[in-house]
Amino acid sequence: MRYALALDVGGTTIKSGIVSENSSISHAGSTPTPANPEKLIETSAQIVADLDALVRSGNAIGENGPIKPEDVVEPIGFDLPGIVDEEAGMAVFSASLGWKDFPAREMLTQRLSRPVGFGHDVRTGALAESAWGVKLKDFYYIAIGTGIATVLVLDGNAVAVSSWAGELGQIRISGWNGQPIALERVCSASGIARRGAALGLIDEAEGAAGVYRLLDEGNAQAAQIVEYALTQLARAVAPIVASAGAVPIVIGGGLANRGQQLFDQFHTLLSDVLGIVPSPQVLGATLGSNSQLMGAGLRAFQLADSQPSPF
């Protein structure tokens, strides 16, 4: 059994762990994310050093018992949020962390003196879903949380012809008051919560779950908020489906916790927008909040397999 050291950098925390080829995670950890790029590299390098030391000490335990140093592939997995150029290894932009043109892969590779399997966090999570979660080779992944990001997966590979691929949440739509607004300000979990708070239905800290609680209690305004949000999302997704064909849609992120009711409602609304165009199956992602960490491990394995043998 092979293992990989993996780091998933988020806007608040860095998730870390040892990922097996079967997708299990051992020795999971969480560290606050530094906003400073140089500090991020140093913090990430220390996490890797600590995991390495754990393995060398014989105290790292995987799904088949102790993890030996020779069981761990040389590359590490590392993913980042924001606008990411995977080919160049560059964190192009992160609004929440203030990064711009940050050569993350090169800096971490030099600091660790080992290869880095590098990627965008949502695309990385979609790859893990393809390999270990929903186990589909072709699907359109929509991550709905604080924002909205999407990934088209074809033949098990995330399609990204530029660093801005997947930023569906940034397109402009007509908002609640008819004024132009970014899609994710209406359709994301935070957008739904914000609207509920603006109408005095919930405290925004309750999140979208607060709006859905009222919906389940029969509140008409809550129902209108959810239907409007999902209708706008369906209108944004429909041209993609019409162009690419009825590739299955997989919904992940915090809003996916709503479950089958959300998937069924979105399927119905999408079918209405598509008209005679066949509507795709709508499924929920299965790996949960650790999908990106698993995917970082998967990138490490893929990089290890692509490197020529030293023998």
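1. A pocket here is an open set of points on a 1 Å grid over the protein atoms alone, where a 1.4 Å probe fits, with protein on both sides within 12 Å along at least five of seven lines; lining residues have an atom within 4 Å of a point. The lining runs to 47 residues, and the closest to the pocket's centre are Asp121, Val122, Thr146, Gly147 and Gln292.

2. A word on the model before going on: it is predicted, with local features needing pLDDT of at least 70 and side-chain atom pairs counting only at pLDDT 80 or more, while totals for chains, interfaces and linings use all residues. Numbering runs from 1 along each chain as its sequence is written, and side-chain values use heavy atoms, with hydrogens and water left out.

3. What is the lining of the largest pocket made of? It divides into 24 polar, 15 nonpolar and eight charged residues.

4. β10 (116-120), β13 (157-159) and α9 (291-306) each put in at least two lining residues. Helices (H or I, at least four residues) and strands (E, at least two) are DSSP runs, numbered from the N terminus.

5. On to the cores. The largest nonpolar core has 41 residues, and Leu233, Val237, Ile249, Ile251, Phe266 and Leu270 have the most contacts inside it. Such a core is a set of buried Ala, Val, Leu, Ile, Met, Phe, Trp, Tyr and Cys residues joined through side-chain atoms within 4.5 Å; buried means under 20% relative accessible area, exposed over 50%, and partly exposed in between (1.4 Å probe, protein chains only). Helix α7 gives the most to this core, with 11 residues. Apart from it sits another core of 29 residues, with Ala45, Val48, Ala91 and Leu97 among them.

6. Ile251 deserves a look of its own. Beyond its neighbours within four places in sequence, its contacts (heavy atoms within 4.5 Å) include Ile142, Ile144, Phe266 and Val282.

7. How many aromatic pairs turn up in the whole structure? Four. In one of them, the ring centres of Trp176 and Tyr228 are 4.9 Å apart with planes at 40°, so the pair is tilted. The rule is that rings of Phe, Tyr and Trp (its six-membered ring) pair if their centres lie within 6.5 Å; planes under 30 degrees apart are stacked, over 60 edge-to-face, and the rest tilted. Trp176, in the loop between β14 (172-174) and β15 (180-182), is 52 residues from Tyr228 in α7 (220-244). Trp176 is partly exposed at 25% relative accessibility, and Tyr228 is partly exposed at 25%.

8. Finally, some backbone checks. Most residues other than glycine have a negative phi. Ser113 has a positive phi of about 55°; it is in the loop between α2 (104-112) and β10 and exposed at 63%. Lys135 also has a positive phi of about 55°, in the loop between α3 (121-132) and β11, and is exposed at 59%.

Methods:
Ala, Val, Leu, Ile, Met, Phe, Trp, Tyr, Cys and Pro count as nonpolar, Asp, Glu, Lys and Arg as charged, and the others, Gly among them, as polar.
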